[in-house]
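Please look through the model below, with attention to its charged side chains and its strands.

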Amino acid sequence: MNSSNRLKVLLDTTYLLPIVGVDVEGVEEVLVLLRKFHREGKVEYYYTPFNLLEILGKLGRIKYDEERVALGLVSIGETFKLIHPTIEGYLKALKLRSKGYKDLIDLLLYTTSTSQKLLFLTRDYELLEFLKKQDEKIDHIVLEEDFIKTCKS
C-alpha cells in the first residue's frame with residue numbers, strides 16, 4: 001500500500017506516553033489496534049513538538065526511567081512523522097484559547113490536524129464538546145471509543 005492510500009492520523013499524547021514508560025489507564029486496547037494497523041502499512045502516524053512538550057511536562061511530575069524515556073523518544077522520532085501547525089493553525093489555536101479553552105496544547109494538536117488534513121485520534125471529550133459549541137470542524141476527530149468500535153465491526 002503506497003503512502004497516499006494510507007490513513008494519516010495525528011495521535012493525541014495519550015497514545016505516546018506508554019512509549020516513554022508512562023502508564024495510561026485503559027489505553028491498551030487502542031494501542032494494540034494502532035500497532036496492528038502500523039504493521040499492516042494501513043496508516044501513517046504523526047506527532048508534533050507539542051506532543052513532546054506534553055510528554056516532558058508529564059515526566060517532570062513523576063518518577064521515570066531515563067533510559068526508557070530516551071529509547072521511547074528515539075522510537076517516536078523513528079516510527080512516527082513529525083508535523084508542525086501552519087501559521088493559520090497557530091492563530092486558530094490562540095483564537096480558540098481566547099474563547100475559554102484552557103489547554104493550549106490540545107488546541108494546537110486540533111488545529112494542526114485540521115490545517116494539515118489529518119485525522120485526530122483522541123479520548124478528549126471535553127475538547128470535542130468545546131469545539132462543537134464553537135461550531136468548529138470536527139469531522140476529522142476520531143474518539144478512541146469510536147475507533148475501537150469501528151475496528152471491531
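The structure holds nine salt bridges, a salt bridge being a side-chain nitrogen of Lys or Arg within 4 Å of a carboxyl oxygen of Asp or Glu. One of them links the side chains of Glu 44 and Arg 6, at 3.3 Å from N to O. Because Glu 44 lies in strand β2 (residues 43–47) and Arg 6 in the segment before β1 (7–11), this pair ties together parts that are 38 residues apart in sequence. Glu 44 is buried at 5% relative accessibility, while Arg 6, at 27%, is partly exposed; buried means under 20% relative accessible area, exposed over 50%, and partly exposed in between (1.4 Å probe, protein chains only).

The model is predicted: local features need pLDDT of at least 70, side-chain atom pairs count only at pLDDT 80 or more, and totals for chains, interfaces and linings use all residues. Residues are numbered from 1 along each chain as its sequence is written, and side-chain values use heavy atoms, with hydrogens and water left out.

Glu 40 forms a salt bridge with Lys 36 (3.2 Å, N to O) and another with Lys 42 (3.0 Å, N to O). Lys 42 is partly exposed at 37% relative accessibility. Elsewhere, salt bridges that share partners join Arg 6, Lys 8, Glu 44 and Lys 81 into one network.

The strands, which are DSSP runs (E, at least two residues) numbered from the N terminus, include five that form an open sheet in the order β3-β2-β1-β4-β5, with parallel pairing. Its edge strands, β3 (81–82) and β5 (141–143), each pair on one side only; two strands pair if DSSP finds at least two bridges between them. Strand β4 (residues 119–122) runs parallel to β5 and is joined to β5 by three bridges. Leu 121 has Val 142 in β5 as its bridge partner.

Terms used
Helix = DSSP H or I, 4+ residues; strand = E, 2+ residues; numbered from the N terminus.
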